[in-house]
Amino acid sequence: MTEAGTERRDYDVAVVGGGLVGAAVAWGLARLGQRVAMLDEGDDAKRASRGNFALVWVQSKGLGMAEYASWTVRGSQAWPALADALSRETGIDVALQQPGGFHLALSEKELETRAQNLMRLHNQPRMVGYETTILGAADVRKMLPDVGPEVVGGSYCPLDGHVNSQKLLRALHTGLARHGGTYLPGRRVNGIATRDGAFRLSTPRGELAAAKVVLAAGNANMTLAPMVGLSAPMLPERGQIIVTERVAPFLHHPVVTIRQTDEGSVMIGDSKEEATDPAGMTFPINTVMADRAVRMFPRLARLNVVRTWSAIRVMTADGFPIYEQSTTAPGAFVVTCHSGVTLAANHALEIAPMIAKGALDESLGAFSARRFDARPR
Amino acid sequence: MLARVDDRHQRTIHISIDGRAVEVRAGDTVATALLAADIAACRISAVSETPRGPYCLMGVCFECLVTVDGVGNRQGCLIEVREGMAIETQSRRREAGR
């Protein structure tokens, strides 16, 4: 264990952030035999990993960066291996389901906009090939028998799915502990210095030294990254979620804004990529979300709402992940993105081994924060 | 069988549980009344269809859901008994809007 003032390198890697991104990387490193410390805030943290919508989602991602689409498809395909590994190592079933997901349209205009957006996405140079189909109302109804009469159609992608993200976070933490990793809550990192070939992280409970440091602190990466010669421009957003009482399973495919959890609750949320009606968002968001959800599935109108919350989304300035190693402080990495659930397998099974090896693969070059410098003024 | 820890005099309230007349005490919650009547399972869960009963007794766990005076899925631990109240355990799982 480490104490303030200690001079040796206590850990191979210090991961800053105990949410889904940090925990995925930390678990991935620990199972490779690395000595890992995961520093986290306390229970009062604004924890995006506790407030998220838990989709493993592919369709419509990557407009403006085809590499993000490829990375997301790879994540979706690697998810079963992640779920299997977590189940084997921790006994926790994270309830992964990948039955394919929908984006539903409530007017012909919405459906047309949807089709155009998908065409723009899939016509990009270097775009990965996968199936997303525009379906009419009759075909949608075959798979989602409970849709209401206002649903005119939608898009369907067989790669889409969802998990129980609370169980995922618990499984990653449990897995980290099983591999000898050290969880250190109550350690909000205030400063990072490099001295004697080690990173020294100062926290309210003293200093911790590690040979490498991974910044996975969500929106706080914005202030942490410059401490080690990195940059992580973030634009946090607020998201809101409504949760109903638990009911018998009836919604067998997740919709981008509505899903039924493994435990029977229906979650109604909104998603940045999918904000089809920006004007609508000027009304109280909960009202718009609930109204659209009931028009999509009239049965929802008779369900009791048991809780609602809003959470701060982790969001980079352009919405795409940032993965980078510092050139001025080698051994310092930033790993941050919006989709900590969808990309959990990538972070645990691909990024972690690269960090253990000491270099991010060149194929991840598109995710460097240098893209923000290159913008024409 | 749970036993009450005090013998303070409380007014007796008459309710029914699944049609059976039951005497409880003023100030009891519906969940307490169920437990005092030796009813540990008050509903069937929505997904696994397994028996569930009062657990946290403070409004958090949503396990003690029962039908109270005809309204389904109410949290028994948050409702105080009233004279003539009709409580029904839920032997069928909750369906969405049916």
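Before I start, a word on conventions: residues are numbered from 1 along each chain as its sequence is written, and chains are lettered from A, with ligands numbered from 1, in the order in which they are written. Since the model is predicted, local features need pLDDT of at least 70 and side-chain atom pairs count only at pLDDT 80 or more, while totals for chains, interfaces and linings use all residues, and side-chain values use heavy atoms, with hydrogens and water left out.

Let me begin with empty space. Rolling a probe the size of a water molecule over the atoms shows where empty space is left. On a 1 Å grid over the protein atoms alone, a cavity is a set of points where a 1.4 Å probe fits but cannot get out, whereas a pocket is an open set with protein on both sides within 12 Å along at least five of seven lines, and lining residues have an atom within 4 Å of a point. Grid points are joined across faces, edges and corners, and a volume is the space filled by probe spheres set on the points.

The second largest pocket has a volume of about 620 Å³. It is lined by 28 residues, of which A:Val243, A:Arg246, A:Glu263, A:Ser265 and A:Arg307 are the closest to its centre. Two or more lining residues come from each of helix 6 (165-178), strand 12 (237-244) and strand 15 (305-313) of chain A, where helices (H or I, at least four residues) and strands (E, at least two) are DSSP runs numbered from the N terminus. Which of these elements gives the most to the lining? Helix 6 of chain A does, with 4 residues. By class, this lining has 10 nonpolar, 7 polar and 11 charged residues, where Ala, Val, Leu, Ile, Met, Phe, Trp, Tyr, Cys and Pro count as nonpolar, Asp, Glu, Lys and Arg as charged, and the others, Gly among them, as polar.

Turning to cavities, a search of the whole structure finds 2 of 30 Å³ or more. The second largest cavity holds about 50 Å³ of space, and its lining includes A:Arg246 together with residues of chain B, among them B:Arg43, B:Ile44, B:Leu65 and B:Arg94. Sorted by class, the lining of this cavity has 3 nonpolar, 3 polar and 5 charged residues.

Next come the aromatic rings. A pair of aromatic rings is described by the distance of the centres and the angle of the planes. Rings of Phe, Tyr and Trp (its six-membered ring) pair if their centres lie within 6.5 Å, and planes under 30 degrees apart count as stacked, over 60 as edge-to-face and the rest as tilted. Over all chains, the search finds 5 aromatic pairs. One of them joins A:Trp71 and A:Phe367, a tilted pair at 5.9 Å centre to centre with 45° between the planes. A:Trp71 lies in helix 3 (residues 66-90) of chain A and A:Phe367 in the loop between helix 9 (344-357) and helix 10 (370-373) of chain A, so the pair ties together parts that are 296 residues apart in sequence. A:Trp71 is buried at 2% relative accessibility, and A:Phe367 is buried at 1%; buried means under 20% relative accessible area, exposed over 50%, and partly exposed in between (1.4 Å probe, protein chains only). Ring pairs also link A:Trp71, A:Tyr323 and A:Phe367 into a cluster.

My last topic is three single residues. A:Arg187 sits in the loop between strand 8 (182-184) and strand 9 (191-195) of chain A, and is buried, with a relative accessible area of 17%. Leaving aside neighbours within four places in sequence, A:Arg187 is in contact (heavy atoms within 4.5 Å) with A:Leu39, A:Asp40, A:Thr203, A:Pro204 and A:Arg205.

Most residues other than glycine have a negative phi, and most peptide bonds are trans. A:Ser60, however, has a positive phi near 80°; it lies in the loop between strand 3 (55-56) and helix 3 of chain A. B:Asp18 also has a positive phi, of about 50°, although it is not a glycine, and its place is in the loop between strand 1 (12-17) and strand 2 (20-25) of chain B. Is B:Asp18 buried or partly exposed? B:Asp18 is partly exposed, with a relative accessible area of 44%, whereas A:Ser60 is buried, at 16%.
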